[in-house]
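Please look over the sequence and the 3D view before reading on.

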Amino acid sequence: MADGAGPTISTHVLDAGQGLPAAGIRVTLWRLDVGAAPIRMTQALTDGDGRIRDLLERPLVAGEYRLEFDVGRDAEAFFTKLAVDLRIDDTRRSYHVPLLLAPFSMTTYR
């Protein structure tokens with residue numbers, strides 16, 4: 001929850017090639033395990049510091065989620081999209097998924 005009242009799913013995107021935060025990256029949070037097809041929960045843009053502090057707009061529920069990053073910001077980009085699938089079992093904690101971008105590589109970690 002944005003007011004810090006509960007667990008969050010957050011991200012921080014850094015452009016390692018430029019050595020700067022990646023502002024304006026669209027990130028979509030999907031729920032994967034509740035139907036025949038993924039369900040879009042929220043979508044937001046990274047701020048000037050490359051962050052989205054909370055993609056959840058509701059209580060965190062155990063299950064499978066996808067963070068989808070639209071990283072192809074210009075016509076010359078090699079990568080255009082990255083999807084990271086997560087399994088969340090502990091709903092008492094927050095989850096932060098950073099992403100490091102470079103022209104021909106991407107790295108994420110927990």
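## Model and numbering

This is a predicted model: local features need pLDDT of at least 70, side-chain atom pairs count only at pLDDT 80 or more, and totals for chains, interfaces and linings use all residues. Residues are numbered from 1 along each chain as its sequence is written, and side-chain values use heavy atoms, with hydrogens and water left out.

## Sheet layout

Four strands form an open sheet in the order β4-β3-β6-β7, with antiparallel pairing. β4 (39-45) and β7 stand at the edges with a single partner strand each, so one side of each has no neighbour in the sheet. From one strand to the next, the twist averages 20°. Angles run from 0 to 180 degrees between N-to-C directions, with axes fitted to C-alpha atoms.

Strands are DSSP runs (E, at least two residues), numbered from the N terminus. Two of them pair if DSSP finds at least two bridges between them.

## Pairings

β3 (residues 26-31) pairs with β4 over 6 bridges. Here R26 stands opposite L45 in β4. Another 6 bridges join β3 to β6, where V27 stands opposite F69.

β6 (residues 63-70) pairs with β7 over 8 bridges, in the antiparallel sense. Y65 has L86 in β7 as its bridge partner. D70 stands opposite K81 in β7.

## Two faces of β7

Side chains alternate along β7 (residues 81-88). L82, V84, L86 and I88 point to one face and are buried (under 20% relative accessible area, 1.4 Å probe, protein chains only).

Note on methods:
Buried means under 20% relative accessible area, exposed over 50%, partly exposed in between (1.4 Å probe, protein chains only).
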